Amino acid sequence: MSVIFFYFTKMIKFFHFQGCTQKYIVKNYFYYYLFKFSAALGEEVFYITFLPFAYWNIDHSVSRRMIIVWSIVMYIGQVSKDILKWPRPLSPPVVKLEMRTNAEYGMPSTHAMAATAISFSFFIATMNLYKYPSELGLAAAFVFSTLVCLSRLYTGMHTVLDVIGGALISAVLLMVLYPAWDTIDHLLLTSPFCPLFSIVVPLVLCYNYPKLDYYSPTRGDTTTILGAAAGASVGFWLNNQYAASTYKSVQPGLPLITSTVVFVLARFFVGILVVLLTRWLMKSVVLGVLGYRYKFPIRDLEARRRLEVEVPYKFVTYSSVGFTATVIVPVLHKLLGLM
C-alpha cells in the first residue's frame with residue numbers, strides 16, 4: 001500500500017476540487033499509461049475483442065469455458081457490490097482517474113475478478129490442449145491479473161481490500177466450477193433446453209437485480225455480460241446441432257508462418273467489424289422500438305436508465321453480439337475462405 005501511495009504522490013503535483021473536478025499533473029507517464037491500459041483489460045473493449053478472438057483463432061472449447069466462467073463470476077461480483085454497498089475510496093486523499101464507474105460500490109473489485117477468472121481459466125483450459133511450458137502460462141496469467149488489480153489502486157477506484165477480495169472470490173469460484181466444466185459444456189452443447197435456459201435465466205436475473213437508492217451502472221453492465229453470454233450459448237448449441245465447420249486453431253508455442261498470421265488477422269478484423277456493426281445496428285433498432293413504446297427520445301439518458309428500458313435494450317443488443325460472434329461471423333469466414 002505504501003508503494004502505491006508513493007507513486008500517487010510522485011504523479012500528482014496538486015489537487016483542486018471544484019464540484020467533482022480534480023486537477024492533477026502526471027509526473028510518471030510510464031505508470032500512468034501502463035495502468036490505464038491495464039484497467040482497460042477489465043472492461044468491455046477487452047471482452048468484445050479477446051473472447052471472440054479466442055473463439056475464432058484458438059479453440060472453441062477454450063472460448064466456451066472462459067465465457068461460462070466470466071459470466072458467472074461477473075454476475076456474482078456485480079450483485080455482491082450492490083448487496084454489501086461498501087463505498088469507493090474517498091477522494092481526497094486518492095485521485096480518481098475514472099468517472100464512469102465512480103457511482104458503483106467498491107467491494108469486490110469486478111476488474112480483479114474478471115482478470116483473475118479470464119487469465120486463469122484460459123491457462124487451465126489450454127494447458128492440456130497445447131504444448132507450452134506450464135510455468136510460462138502460469139506466470140502470464142499471474143502477471144495479467146496482477147496488472148489489472150494494481151491498475152484499480154493506481155486509478156483510485158478501489159482499496160487494497162476490494163482488490164484482494166475480488167481476486168480471492170474469483171479464485172474460489174474457479175475451484176468450484178472447474179470440476180463441473182465438462183458437464184456444463186456437455187449440457188451447453190447437447191441439451192434441447194439449452195436455448196430456452198440460456199435466454200430465460202439471465203433475463204430473470206437481470207429483471208430481479210438488487211434495487212439501489214440511486215442509479216448505478218452495475219445493473220446495465222450485468223445485463224450486458226449476461227446478454228452476451230446468452231447469445232453466445234445459443235450460438236454454441238446451434239453450431240453443435242448442425243455440425244458447423246470448425247476453425248483450424250492456432251497452436252501456441254509454434255512459430256507462426258506468414259500465411260497463418262494473415263489468416264488470424266483477417267479473421268479478427270472481419271469478425272470484429274461485423275460484431276461492432278451488429279452492436280450499433282441492434283442498439284439503434286432496440287432503442288428506437290423502446291422509445292416508441294415508452295414515449296421517450298432516444299437520447300434521453302434518464303429514460304434509458306429505467307428498468308423496463310435498460311434491461312431489454314442491453315440484453316437484446318448484446319445477446320445479438322454474442323450470437324453474431326459465434327454463428328454469423330463463422331459463416332462469413334467460411335464464405336471468405338478464412339476457416
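User: In this predicted model, in which helix does Thr224 lie?

Analyst: Thr224 belongs to a helical segment of the predicted model. That segment spans residues 218-241. The helix in which Thr224 lies is H10.

User: Is Thr224 buried or exposed, and what is its relative accessibility?

Analyst: A residue is buried when its relative accessible area is under 20%. Thr224 falls below that cut-off and therefore counts as buried, its relative accessibility being 12%.

User: Leaving aside neighbours within four places in sequence, with which residues is Thr224 in contact?

Analyst: Neighbours within four places in sequence are set aside here. What remains for Thr224 are contacts with Lys314 and Tyr318.

User: Which residues does Glu44 contact, leaving aside neighbours within four places in sequence?

Analyst: Glu44 lies in helix H3, which covers residues 44-57. Its relative accessibility is 30%, so Glu44 counts as partly exposed. Tyr318, a contact of Thr224, is also a contact of Glu44. Beyond the neighbours within four places, Glu44 is in contact with Tyr318 and Arg279.

User: What distance separates the C-alpha atoms of Glu44 and Asp221?

Analyst: Along the chain, Glu44 and Asp221 are 177 residues apart.

User: How far apart in space are Ile199 and Phe315, C-alpha to C-alpha?

Analyst: Ile199 is placed in helix H9 and is partly exposed, with a relative accessible area of 30%. Not counting residues up to four places away in sequence, Ile199 touches Ala230, Val234 and Phe315. Ile199 and Phe315 are 116 residues apart in sequence, and their C-alpha to C-alpha distance is 9.4 Å.

User: Which residues of H8 are buried, and what arc do they cover around the axis?

Analyst: Helix H8 runs over residues 181-190, and its buried residues are Trp181, Asp185, Leu188 and Leu189. They lie on the same side of H8, because the arc they cover around the axis is only 90°.

User: Against which helices do the buried residues of H8 pack?

Analyst: The buried residues of H8 include Trp181 and Leu188. Their packing partners are H4, H5 (110-126), H7 (160-177), H9 (194-207) and H10 (218-241).

User: What is the C-alpha separation of His186 and Trp237?

Analyst: His186 also lies in H8. With 49% relative accessibility, His186 counts as partly exposed. Trp237 is 51 residues away from His186 along the chain, and the separation of their C-alpha atoms is 9.8 Å.

User: Which residues are exposed on the other side of H7?

Analyst: The buried residues of H7 are Asp162, Val163, Gly165, Gly166, Ser170, Leu173, Leu174 and Leu177. They are on the same side of H7, because they cover an arc of only 170° around the axis. These buried residues pack against H4, H5, H6 (134-154) and H8. On the other side of H7, the exposed residues are Leu168, Met175 and Val176.

User: How far apart are the end C-alpha atoms of H4?

Analyst: H4, a packing partner of the buried residues of H7, comprises residues 60-84. At 1.5 Å a residue, its 25 residues should span 36 Å, and the model agrees, because the end C-alpha atoms are apart by 36 Å.

User: How many of the residues of H4 are buried?

Analyst: Just after H4, Lys85 takes a positive phi of about 60°. H4 itself is mostly covered, and of its 25 residues the number buried is 21.

User: Which residue's backbone oxygen does the side chain of His333 reach?

Analyst: His333 has its place in helix H13, residues 307-335. Its relative accessibility is 0%, so His333 counts as buried. At 3.0 Å, the side chain of His333 reaches the backbone oxygen of Arg267.

User: How many disulfides are counted?

Analyst: Cys149 is buried at 11% relative accessibility, and Cys194 is buried with a relative accessible area of 5%. A disulfide requires cysteine sulfur atoms within 2.5 Å. By this rule the number of disulfides is 0.

Note on methods:
Residues numbered from 1 in each chain as written. Predicted model: local features only at pLDDT ≥ 70, side-chain atom pairs only at ≥ 80, totals over all residues. Heavy atoms only, no water. Helix = DSSP H or I, 4+ residues; strand = E, 2+ residues; numbered from the N terminus. Buried < 20%, exposed > 50% of the residue type's maximum accessible area, 1.4 Å probe, protein only. Polar contact = N/O pair within 3.5 Å; in protein donor to acceptor, adjacent residues only side chain to side chain. Expected span 1.5 Å × (residues − 1). Arc of directions from axis to C-beta. Contact = heavy atoms within 4.5 Å.
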